[in-house]
Amino acid sequence: MPSDALTARCYCGASRLTLDKPPHTVAYCHCEDCRRWTGAPVAAFAAFDRSDVIEQLPTAFRGALGVERWTCPTCHAPLAAAFDYIPDQIYVPVGIMDQADTLIPELHSHAGNALPWLHIDDDLPRADASARDALKTVAE
């Protein structure tokens, strides 16, 4: 494993990821689907090339329409998500990354769905919906 590789692990440690390239972007997501999946008032994900992650993941499931998700088969912690509108990327929750302190979000997606009591004081761009155009641009 290269010394600058990013690593991730689930709650129990049975599922692990090694990512040799930096993420395309790191984004907050305020949508209800991601909140329910992560159990947090806002989620943060790092985007990687699908080809760099997919072989390390267990079998996926489909929850919401157009969303593919992976969880640890042992502890069921979230491992990754993919969205049909960005088919070449997989999003890994920042909270499972061993280097989470270095993965700084660059934008907010679904900011229109943010919980009214949650206040993140930053100057990052905010998209009321998916931010799909910004996310695709970052990945290209």
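This is a predicted model: local features need pLDDT of at least 70, side-chain atom pairs count only at pLDDT 80 or more; totals for chains, interfaces and linings use all residues.
Now let us step back to the chain as a whole. The protein chain holds three helices and nine strands, and if you follow these elements from the N terminus on, the order you read is β-β-β-α-β-α-β-β-β-β-β-α. The radius of gyration of the chain is 14 Å, close to the 14 Å that the globule rule gives for 140 residues, so the chain is as compact as a globular protein of that length. Along the principal axes, the C-alpha atoms fill a box of roughly 40 × 30 × 25 Å.

How much of the chain is buried? Of the 140 residues, 44% are buried. The accessible surface comes to about 7,600 Å², and carbon and sulfur atoms account for 52% of that surface. As for contacts, if we take those between residues at least 6 apart in sequence, we find that 53% of them join residues at least 24 apart.

Next, the aromatic rings. A pair of aromatic rings is described by the distance of the centres and the angle of the planes. This structure holds three aromatic pairs. In one of them, Phe83 and Tyr91, the ring centres are 5.6 Å apart and the planes stand at 65°, which is over the 60 degrees needed, so this pair counts as edge-to-face. Both Phe83 and Tyr91 are buried, and ring pairs link these two residues together with Tyr85 into a cluster. A ring can also have a charge over it, and here the charged end of Arg69 sits over the ring of Trp37, at 4.3 Å from the centre of that ring.

I would like to finish with two histidines, His76 and His110. Phi of His76 is near 65°, a positive value in a residue other than glycine, and phi of His110, which is likewise positive in a residue other than glycine, is near 55°. Where do they lie? His76 is in the loop between β6 (67-71) and β7, while His110 is found in the loop between β9 (107-109) and α3 (132-139).

Are these two histidines buried or exposed? His76 has a relative accessibility of 53%, and because the cut-off for an exposed residue is over 50%, His76 counts as exposed. His110, in contrast, has a relative accessible area of 19%, and because buried means under 20%, His110 counts as buried. If we again set aside residues up to four places away in sequence, His110 touches Cys29, His30, Cys31, Ala127, Asp128, Ala129 and Ser130.

Notes
Residues are numbered from 1 along each chain as its sequence is written. Side-chain values use heavy atoms; hydrogens and water are left out. Rings of Phe, Tyr and Trp (its six-membered ring) pair if their centres lie within 6.5 Å; planes under 30 degrees apart count as stacked, over 60 as edge-to-face and the rest as tilted. Buried means under 20% relative accessible area, exposed over 50%, partly exposed in between (1.4 Å probe, protein chains only). A charge sits over a ring if NZ of Lys or CZ of Arg is within 6 Å of the ring centre and within 35 degrees of the ring normal. Helices (H or I, at least four residues) and strands (E, at least two) are DSSP runs, numbered from the N terminus. The radius of gyration is taken over C-alpha atoms; the globule rule is 2.2 Å times the number of residues to the power 0.38. Contact means heavy atoms within 4.5 Å. Accessible areas come from the Shrake-Rupley method with a 1.4 Å probe; for residues, only the protein chains shown count as cover.
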